[in-house]
Amino acid sequence: MAVLPVLALFLLLAWSGPGAVGQKRKEMVLSEKVNQLMEWASKRSVIRMNGDKFRRLVKAPPRNYSVIVMFTALQPHRQCVVCKQADEEYQILANSWRYSSAFTNKIFFAMVDFDEGSDVFQMLNMNSAPTFINFPAKGKPKRGDTYELQVRGFAAEQLARWVADRTDVNIRVIRPPNYAGPLMLGLLLAVIGGLVYLRGSNLDFLYNKTGWAFAALCFVLAMTSGQMWNHIRGPPYAHKNPHTGQVNYIHGSSQAQFVAETHIVLLFNGGVTLGMVLLHEAATSDMDVGKRKIMCIAGIGLVVLFFSWLLSVFRSKYHGYPYRYIFA
């Protein structure tokens, strides 16, 4: 009878043995992958991957970590200006995570360049760059794991919010010090101080209405064109269609814009404003009638032309808007 418990224990071990061995092997593979990624991350915040590394460390199980991958095309012959701009912001985000006190092996940042991993682009049916995708620790990427670059822009702060939403990892973005702002402020103060020093006995220029009006107008045009939105969101300058090669300077949605679009809107607003100024001068100045007629015609032409272009931009962003003026 004493043989039965021993036999039962032997049978239990024999039955559970293959599963235990498989689990141990799985843990060893996972540990090896994490150690490899940690070693690479210690040398470079953004891990560069080719097809083999991507399949082994990102696609293949087991995995208990998330990987944020930027698919890009940084080689000069690709002429992807947006890729370079996005890469700078992506490096800032990855460095902020790598050198923070909260850094763990829960999340890694990686990059696949088209010229180093074109097979990965084909495997994922990807035909545009840059593209950001989160590969979660469990399961396959969902719709929300692909970053909406055209809507949210590629600023490091926007990427950090998306990463927090997809992985629950909050990254405090730390940018390298930028001395351009203080230098410009110092230069402005130096110019003002120099003018006061040189013209200390005559400060009438400070009361020049035309100068202050021009400065205020420039500020208003900059703000109404969307420059502050660009500063906050960090959108790309323009978008190049990878299939046709066509460059779009106006975003097709009312929820986003390109940097080039703000420059175009600023130019159009400035044209309308200049036309209104000419019309005002034509009506109130003491010049002879002939010059005033020329100013009036020029003012009307500027207002009509640039307002029509502004309306065309509005129609391209708000689809279905029924009204137009001169230009479709």
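Biologist: Why is β3 largely enclosed by the rest of the structure?

Modeller: Happy to start there, keeping in mind that this is a predicted model. Residues of β3 point two ways: Ile107, Phe109, Met111 and Asp113 to one side, Phe108, Ala110 and Val112 to the other, and all are buried. The strand is largely enclosed because the number of its residues that are buried is seven of the seven.

Biologist: Nice. Which residue in β3 is the bridge partner of Ile47?

Modeller: Let's go by way of the strands. β1, residues 46-48, pairs with β3 in the parallel sense over three bridges. Within β3, the partner of Ile47 is Ala110.

Biologist: And how many bridges join β2 to β3?

Modeller: β2 covers residues 66-72 and runs parallel to β3. One of the facing positions puts Val67 opposite Phe108. The bridges joining β2 to β3 number seven.

Biologist: Which hand does the β-α-β unit of β2, α3 and β3 have?

Modeller: The helix in this unit is α3, spanning 81-98. Together with β2 and β3, α3 makes a unit that is right-handed.

Biologist: Which element gives the largest share of the lining of the largest cavity?

Modeller: That cavity has a volume of about 30 Å³, and its lining consists of Ala41, Ser45, Trp97, Arg98, Phe103, Ile107, Phe108 and Phe109. By class, six of these are nonpolar, one is polar and one is charged. Both α3 and β3 (107-113) supply at least two lining residues. The largest share, three residues, comes from β3.

Conventions
Residues numbered from 1 in each chain as written. Predicted model: local features only at pLDDT ≥ 70, side-chain atom pairs only at ≥ 80, totals over all residues. Heavy atoms only, no water. 1 Å grid on protein atoms, 1.4 Å probe; cavity = no way out; pocket = protein on both sides within 12 Å on 5 of 7 lines; lining within 4 Å. Points joined across faces, edges and corners; volume = space filled by probe spheres on them. Helix = DSSP H or I, 4+ residues; strand = E, 2+ residues; numbered from the N terminus. Nonpolar A, V, L, I, M, F, W, Y, C, P; charged D, E, K, R; others polar. Buried < 20%, exposed > 50% of the residue type's maximum accessible area, 1.4 Å probe, protein only. Pairing = 2+ DSSP bridges. Right-handed = clockwise from strand over helix to strand, strands pointing away.
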